[in-house]
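Below is a briefing on one structure, arranged by topic. Look at the sequence and the model first, then read the points.

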Amino acid sequence: MTSLLSSLNEMQKEAVLDFNNPLLVLAGAGSGKTRVITSKIAYAIKEMNYSPYRILAVTFTNKAAKEMRERINSMIPDENIAGLEMRTFHSFGAYVLRRYGSKIGLNDSFTIYDDEDSLNLLCNAFPDEKKGDLREYMKQISKAKDKGYNSSSAELNGLAYHMQGFRTYFAAYENALRKSGCVDFADLIIRTTELLEQNDDVREYFQQRFKLILVDEYQDTNASQFKLLKCLVGKDTQLVVVGDDDQSIYKFRGAEIKNILSFEYYYPNTRIIKLEENYRSTKNILRVASSVIKNNKERHDKTIFTNNESGELPELISSIDADEEALKVRMLISRLPNYKSVAILYRTNAQSREFETVLSCFRIPYEVVGALRFYEREEIKDALALFSIILNPHDRISFLRIINKPARGIGKAALEQILSYSDHLIDSLEFAIKDNKLSGKAKSGATAFLDMYKKGCELLNNNCVLKDFAVFMLDSSGLKKLYEDEKDETIRRGRLENLSSLVNALEKIAPGREGLISFLESITLDRTTLGSDDEENEDSVKLMTMHNTKGLEFDTVFVTGLEDGIMPSVREGSEIDDVEEERRLFYVAVTRAKKKLFLTFASKRMLWGSWNSQKPSRFLKEIPKSFYKGEIETANASYTNHFAFEPRRSNITNTPSWAQNIVKTPTKTKSSEVKVVKNVNYEVGDRVISPNYGRGEIISKEIKNGKTVI
Ligand code: ATP
Ligand code: MG
């Protein structure tokens, strides 16, 4: 018995030590599934002499991959585990396509399009149609792709029968994507599978290379990921998957619970291992989770128990509205010894707003995990488009994004001229200039762009340090100047800071073309972190959606907005399936808590610009009253807003994430006034909190220039 096994229970040990057959570890939250994966990898390397290079571990997020790698490193500090492939499905797909993509016609410097780029590409193919309509088509196309279908799949008939001409749109999109030399997220899986299916040599290479493949969060794999996995498992590969059917929360993205149910069918001799002891949560937290999840009809009945202490009773906090909810949450947080292991969870990103406002107002450090993704910000997308075009001159969406930004005199007519030549957009630009097809201003703009492109390529080819490359591109394209000229100070500062963190992030990347390719890939695929990991402040409250909490744990957890319509986010009469998925999400959220759980509910909430009376979540009613402290209190209908906040815009601990992307700062605080953040009806007598004056009461109210001044 080695020390690697000493921290495992009997069933976990079985899972770690069994190298003979496929394994399916099915177990509830916090029962040590992820620990089985890290321990098994460490054991295989240390005790079974597996080369790390022969192991592939698939995680759900890049962040999880990073943490698990660190964990394994600390378990076997003397081993070099650099060769271990620890990736998400998407990042593994990108890894394969970069190396072997040429076999299916992909250049190694392909760009990965995100959802917005994909939609733009479709809009570009159908310029006369409304973006809103095309968005619906795009949604269905993504869904179909997650199921592994293409535009000629027979199954499409059933899937999108109500959408006219669906196949035509799908085919046009596929075509445009191929012409651009780009892939979308779904392609990272589908095209990798296609590559492996069509090329015996590549498939055999991977099948022989990987002796051990492990998949965490297996309940949320979709049909195309299942197919990819099948291509990778060779006759000597052991496949180990761990999951919990109660935590399947991505059905809307095509996750298939049947991947668990049919596992034994596809992998004969599978051994199923069940783990029943929860090591994460107190007894009191666990019984709240169990009392709700047991109402799902479609589930494997599981026993889950804990030997942890009973701990404190979970608390239910009722509030009048979302502002008060946020205030109460912050009050409870300020009583905690530190902010390190505290999470505020909500159903939708929009709910972070009130919490951010209050936390920044009271200078409590916080971090929004995965909300406004760094790379989705306008200035970052502009910069990335600029870099992408240097790598991939076929990348139409990036080209269109920056060819006339900042304005270079290349208007619609000039652009049409340019695009008429070839799919290689830089060649086209050159032809249009040579053929004298452009007017004076457009011609000089195009020439400057071309010069920048050539110089950029030269820098990359000479293995230039990427930081210098970025500085050159941002300067010579005029993008930096564009943002320096931004009139609004808050926006200008935010944008320039973001561009500067982009440049700083490049400092750690290997130089030249290769480095840039891997950087662009990581920034597009890393969908979980806001900015770079190094900025992560340990002692900060984490704010995130319930979906983003997969696999994580915190001492104290606030599960907020427990109202019907929000959580569950379904309305009366919704499909049972949808409610069951929401219930699983609730179960995931609650089981993140180790020691203390708070459940919050607000009677009123501003939804789509108007106040709504909220009913307590049906999930709250499924918890026996004796399992928690506090009452469900609903406020009466006559309502006035009791709290208002205006965070000071300078010197606040964080700029709220919602404030970073707004076009105009909603208010500016002058020394003698407190203006309102939101368009609500403050009345004389309402209690407010101002960072300038602290707590107080509104004593007068007047309208000045159409704005309420109080
Ligand atoms: P989830 O379903 O939420 O992903 P999980 O089943 O993957 O949970 P882990 O995250 O592996 O569970 O483990 C939950 C917690 O219990 C972790 O803090 C882990 O270190 C601890 N743990 C797991 N197994 C044991 C054990 N045998 N003894 C003590 N602690 C354990
Ligand atoms: Mg886990």
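**Helix pairs, a sheet and a ligand shell**

Helix α21 passes helix α22 in a left-handed crossing, where left-handed means that the near helix is turned anticlockwise from the far one by less than a right angle, and right-handed that it is turned clockwise. The model is predicted, so local features need pLDDT of at least 70 and side-chain atom pairs count only at pLDDT 80 or more, while totals for chains, interfaces and linings use all residues. Residues are numbered from 1 along each chain as its sequence is written, and chains are lettered from A and ligands numbered from 1 in the order in which they are written. Helices (H or I, at least four residues) and strands (E, at least two) are DSSP runs, numbered from the N terminus.

**Helix α21 with helix α22**

- Two packed helices are described by the angle between their axes and the distance between the axes.
- The axes of α21 and α22 (residues 440-461) come within 10 Å and cross at roughly 140 degrees; axes are lines fitted to C-alpha atoms, for helices over the stretch in contact, and angles run from 0 to 180 degrees between N-to-C directions.
- α21 and α22 are therefore oblique to each other, given that angles under 35 degrees count as roughly parallel, over 145 as roughly antiparallel, 65 to 115 as roughly perpendicular and the rest as oblique.
- On the α21 side the contact has Ile426, Leu429, Glu430, Ala432 and Ile433, and on the α22 side Lys443, Ala446, Thr447, Phe449, Leu450 and Tyr453; two residues are in contact if their C-beta atoms, placed from the backbone, lie within 7 Å.
- This contact of α21 with α22 has 8 nonpolar, 1 polar and 2 charged residues.
- In these classes, Ala, Val, Leu, Ile, Met, Phe, Trp, Tyr, Cys and Pro count as nonpolar, Asp, Glu, Lys and Arg as charged, and the others, Gly among them, as polar.

**Helix α20 with helix α21**

- The axes of α20 (residues 412-419) and α21 (residues 425-434) come within 8 Å, crossing at roughly 110 degrees.
- α20 is therefore roughly perpendicular to α21.
- The crossing of α20 past α21 is right-handed.
- Gln417, Ile418 and Leu419 of α20 meet Ser428, Leu429 and Ala432 of α21.
- The residues of this contact of α20 with α21 comprise 4 nonpolar, 2 polar and no charged.

**Helix α18 with helix α26**

- The axes of α18 (residues 378-391) and α26 (residues 512-525) come within 11 Å and cross at roughly 135 degrees.
- That angle makes α18 oblique to α26.
- α18 passes α26 in a left-handed crossing.
- Leu384, Phe387, Ser388 and Leu391 of α18 make the contact with Arg513, Leu516, Ile517, Leu520 and Ile523 of α26.
- By class, the contact of α18 with α26 has 7 nonpolar, 1 polar and 1 charged residues.

**The sheet**

- An open sheet of 6 strands runs in the order β3-β2-β6-β7-β1-β8, with parallel pairing; two strands pair if DSSP finds at least two bridges between them.
- Its edge strands, each pairing on one side only, are β3 (85-88) and β8 (271-275).
- Neighbouring strands of this sheet are turned by 15 degrees against each other on average, direction ignored.
- β1 (residues 23-27) pairs with β8 in the parallel sense over 5 bridges.
- Ala27 stands opposite Leu275 in β8.

**Around ligand 1**

- Ligand 1 is surrounded by 18 residues, and the closest are Gly32, Lys33, Thr34, Arg35 and Tyr279; a residue is near a molecule if its C-beta atom, placed from the backbone, lies within 6 Å of it.
- Helix α3 (residues 33-46) gives the most to this shell around ligand 1, with 3 residues.
- The shell around ligand 1 divides into 4 nonpolar, 9 polar and 5 charged residues.

**Backbone details**

- Lys405 and Pro406 are joined by a cis peptide bond with an omega of about -5 degrees, and Pro406 is in the loop between α19 (396-402) and α20.
- Another cis peptide bond joins Met567 and Pro568, with an omega of about 5 degrees.
- Pro568 is in the loop between β13 (554-559) and α27 (576-590).
- Glu217 is not a glycine, yet has a positive phi of about 50 degrees; Glu217 lies in the loop between β6 (212-215) and α12 (223-232).
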